[in-house]
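Dear colleague,

My notes on what was found in it follow below.

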Amino acid sequence: STWNNTSINFSNLPKNFKVILAPLPSESGDQNINYQILSTLNALEMIKTKYSIKVRGDEYWSYPENILEFLKKEPEKLHCSSVFFRAWQYAEYHMSDHIIAGTTENLLTLFRAAKYNFENNRLNVSKWKVDGLFHKYVHTHTPEERLTKSYLEAIDPQRFEKIDGRFLMKEHFQILNIELLKPYKVKANLFQKQWNDNFIPEQNFSISTIDQLFSDEPYKLPNK
């Protein structure tokens, strides 16, 4: 799912692939969040299967069947990669959007809620932390925080922002073991970096397991 001004040649794709081309939105949003929301929704609205796996077009991951096995074990959760699934001490409510997998219904809930909140200028304030401690509230530019908050508010409105958000994230998210998805290529365009099979979450202010949300260690590791 991409935009009709793309220069990519899709003629060599397998016949069972469907390419969705749409007009480029006039507003990109911070870090192109609106592009991500709308291009993803354009695809999700056409999906008929129980599960969906959303990835970026400029990355690749192997063995999607392993992702499916994770989904079958915990189908009620959204499964994300560990690539910039941030430690709580570094950034609160920061899932990873490099892979988002789950039931198609849950992914639609996520991106429909994010679209509503983007259009209504909601859930775009986060905490700026210094050395893991609260400093001040700021306008967040990170799509991942806005996606996380949008989903948790939509799926669990009675408890969102009323209890410790880490418990909600553990209940509704899971982190994929990317060692089972090699070979892979992931990119961080903002930092102009690329990893080929060698992304170490704890060296990039990220976590490998959902329980690490409750630990200070992932935040401290990069400084050792």
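Which residues in helix 3 meet which residues in helix 4? Before the details, please note that this is a predicted model. On the side of helix 3, the residues concerned are N106, T109, L110, F111, A113, A114, N117 and F118. Their counterparts in helix 4 are R146, L147, S150, Y151, E153, A154 and I155. By class, this contact is made up of nine nonpolar, four polar and two charged residues.

As to geometry, helix 4 covers residues 143-155, and its axis lies 8 Å from that of helix 3, at an angle of about 110 degrees. The two helices are therefore roughly perpendicular to each other, because angles of 65 to 115 degrees are placed in that class. The crossing of helix 3 and helix 4 is right-handed.

N106 belongs to helix 3, which spans residues 104-119. Its relative accessible area is 10%, and N106 counts as buried because the limit for that class is under 20%. Setting aside neighbours within four places in sequence, N106 is in contact with P75, E76, L78, Y151 and I155. N106 and Y51 are separated by 55 residues in sequence, while their C-alpha atoms are 9.1 Å apart in space.

L147 is located in helix 4. Its relative accessibility is 0%, so L147 counts as buried. When residues up to four places away in sequence are not counted, L147 touches Q36, M95, D97, L110, F111 and A114. The C-alpha atoms of L147 and D58 are 20 Å apart, and the two residues are 89 apart in sequence.

I turn now to the charged pairs. Side chains of opposite charge can pair when their charged atoms come close. The count for this model comes to 15 salt bridges, and three of them are described here.

The side chains of E92 and K129 form a salt bridge with an N to O distance of 3.0 Å. E92 lies in the loop between strand 4 (78-80) and strand 5 (99-103), whereas K129 is in strand 6 (residues 125-130), so the pair ties together parts that are 37 residues apart in sequence. Both E92 and K129 are buried.

A further salt bridge links E59 with R56, whose closest N and O atoms are 3.5 Å apart. E59 counts as buried because its relative accessibility is 9%, while R56, at 21%, counts as partly exposed. Salt bridges with shared partners join R56, D58 and E59 into one network.

The salt bridge between K72 and E69 has an N to O distance of 3.8 Å. These residues are three apart in helix 2 (residues 64-73), which means that about one helical turn separates them. K72 is partly exposed, with a relative accessibility of 48%, and E69 is likewise partly exposed, with a relative accessible area of 40%.

With kind regards

How values were computed
Residues are numbered from 1 along each chain as its sequence is written. This is a predicted model: local features need pLDDT of at least 70, side-chain atom pairs count only at pLDDT 80 or more; totals for chains, interfaces and linings use all residues. Side-chain values use heavy atoms; hydrogens and water are left out. Helices (H or I, at least four residues) and strands (E, at least two) are DSSP runs, numbered from the N terminus. Buried means under 20% relative accessible area, exposed over 50%, partly exposed in between (1.4 Å probe, protein chains only). Contact means heavy atoms within 4.5 Å. Axes are lines fitted to C-alpha atoms, for helices over the stretch in contact, and angles run from 0 to 180 degrees between N-to-C directions. Angles under 35 degrees count as roughly parallel, over 145 as roughly antiparallel, 65 to 115 as roughly perpendicular and the rest as oblique. A crossing is left-handed if the near helix is turned anticlockwise from the far one by less than a right angle, and right-handed if clockwise. Ala, Val, Leu, Ile, Met, Phe, Trp, Tyr, Cys and Pro count as nonpolar, Asp, Glu, Lys and Arg as charged, and the others, Gly among them, as polar. A salt bridge is a side-chain nitrogen of Lys or Arg within 4 Å of a carboxyl oxygen of Asp or Glu.
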